[in-house]
Structure formats: C-alpha cells, structure tokens
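Here's a quick briefing to read with the coordinates open. Have a look at the model first, then work through the topics below.

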Amino acid sequence: MRDKNMELLVIIIKQTQYLDDILTGFVDIGIGGATVVDSRGMGQILTANVPIFAGLKDLMPGGAIGNYMIVSVIESEKVDMAVELVNEVCGDIEEEGAGIIFTLPVSRAFGLYKE
C-alpha cells in the first residue's frame, strides 16, 4: 500500500467500441491497471426479459445491449485526467444514456504496487 490518496474509479460506458482507446489512454496518463467487466443495465435486462417493458426498449436511453464497467484504484490526482480522457474518447458522459463515472475514496489498498 502507498501513502497516497487513492480512489476507486468506476466507469460504465455504453459505447463499447471505445474500450481499447480508453485503456490505451489510461496507460498514457499513468494508470497502470484496470479491470473490465461486461455488464448490462437494469433497463436492458427489463426490456429483454419482462414482456411489459419490451415495448419501451426503443424509448430507453442507451438502448443497446451491453456495457463495459471499468474499475481501477488510482491516485486521486489522476481522476480528473481519467474523466477528461473518457469525455474526449466517448463524447460528453453527461449526455443521457452515455454512461456514468464515479469515484469512492480508498482508505487502504494492497497488491497495487511492488515496493
């Protein structure tokens, strides 16, 4: 564990074609590791599995099936660079249905670095 301020960065993107660009950009800004998980949002599951919601599929923002969730424990000072990178690659994350980014403080982390 390092004595730096760390945060858990969670990014959920619906534009799955941009995953490689985001991960390459992470390396460029000094983010050395991330975990990528295939995911589906609640709206995607409901419209696919619950008949009453199936007709609403086209009305839901980001209606495509499949997202990627990218998680990484990073130094706090790199959060703004990571958010800027995602916005440059994917477009404005604030647009409805584009995805979501959030962070959580990490008080302790192990296995991130070899001292």
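This is a predicted model, and its chain averages a pLDDT of 83, with 76% of the residues scoring at least 70.

**Overall layout**

- Starting at the N terminus, the elements go β-α-β-α-α-β-α-β.
- Of the 115 residues in the chain, 28% are buried.
- Take the contacts with a separation of 6 or more: 81% of them are between residues 24 or more positions apart.

**Salt bridges around Glu-75**

- Searching the whole structure turns up two salt bridges.
- One joins the side chains of Glu-75 and Lys-4, at 3.7 Å from N to O.
- That pair ties together parts 71 residues apart in sequence, because Glu-75 lies in strand S3 (residues 67-75) while Lys-4 is in the segment before strand S1 (6-13).
- How buried or exposed are the two partners? Glu-75 is buried, at a relative accessible area of 8%, whereas Lys-4 is partly exposed, at 40%.
- Glu-75 also forms a salt bridge with the side chain of Lys-78, and here the N to O distance is 3.9 Å.
- In this second pair, Glu-75 and Lys-78 are both buried.
- Put together, Lys-4, Glu-75 and Lys-78 make a linked network of salt bridges.

**A closer look at Lys-78**

- Lys-78 sits in the loop between S3 and H4.
- Its relative accessibility is 16%, and the cut-off for buried is under 20%, so Lys-78 counts as buried.
- What does Lys-78 contact, leaving aside its neighbours within four places in sequence? The answer is Ile-29, Gly-30 and Ile-31.

**How H1 and H4 pack**

- Two packed helices are described by the angle between their axes and the distance between the axes.
- For H1 and helix H4 (residues 79-90), the axes come within 10 Å and cross at roughly 145 degrees.
- The H1 and H4 crossing is right-handed.
- On the H1 side, the contact is made by Asp-21, Ile-22, Gly-25 and Phe-26; on the H4 side, by Ala-82, Leu-85, Val-86, Val-89 and Cys-90.
- Sorted by class, the residues in this H1 with H4 contact are seven nonpolar, one polar and one charged.

- Leu-85 belongs to helix H4 and is buried, with 12% relative accessible area.
- Leaving out residues up to four places away in sequence, Leu-85 touches Ile-22, Gly-25 and Phe-26.
- Leu-85 and Asp-21 are 64 residues apart in sequence, and their C-alpha atoms are 9.2 Å apart in space.
- Glu-88 is in helix H4 too, but at 59% relative accessibility this residue counts as exposed.
- From Glu-88 to Ile-22 is 66 residues along the chain, with 9.4 Å separating the C-alpha atoms.

**Ile-11 in S1**

- Is Ile-11 buried or exposed? This residue of strand S1 is buried, with a relative accessible area of 0%.
- Not counting residues up to four places away in sequence, Ile-11 touches Phe-26, Tyr-68, Met-69, Ile-70, Val-86, Ile-100 and Ile-101.
- Two of those names come from the helix contact described above: Phe-26 on H1 and Val-86 on H4.
- Ile-11 and Ile-70 are 59 residues apart in sequence, yet 5.1 Å apart from C-alpha to C-alpha.

**Gln-15 in the S1 to H1 loop**

- Gln-15 is placed in the loop between S1 and H1.
- With a relative accessible area of 17%, Gln-15 is buried.
- Setting aside residues up to four places away in sequence, Gln-15 touches Cys-90 and Ala-98.
- Cys-90 is also one of the H4 residues that make the contact with H1.

Notes: Residues are numbered from 1 along each chain as its sequence is written. This is a predicted model: local features need pLDDT of at least 70, side-chain atom pairs count only at pLDDT 80 or more; totals for chains, interfaces and linings use all residues. Side-chain values use heavy atoms; hydrogens and water are left out. A salt bridge is a side-chain nitrogen of Lys or Arg within 4 Å of a carboxyl oxygen of Asp or Glu. Helices (H or I, at least four residues) and strands (E, at least two) are DSSP runs, numbered from the N terminus. Buried means under 20% relative accessible area, exposed over 50%, partly exposed in between (1.4 Å probe, protein chains only). pLDDT is the predictor's confidence in each residue, from 0 to 100. Axes are lines fitted to C-alpha atoms, for helices over the stretch in contact, and angles run from 0 to 180 degrees between N-to-C directions. A crossing is left-handed if the near helix is turned anticlockwise from the far one by less than a right angle, and right-handed if clockwise. Contact means heavy atoms within 4.5 Å. Ala, Val, Leu, Ile, Met, Phe, Trp, Tyr, Cys and Pro count as nonpolar, Asp, Glu, Lys and Arg as charged, and the others, Gly among them, as polar.
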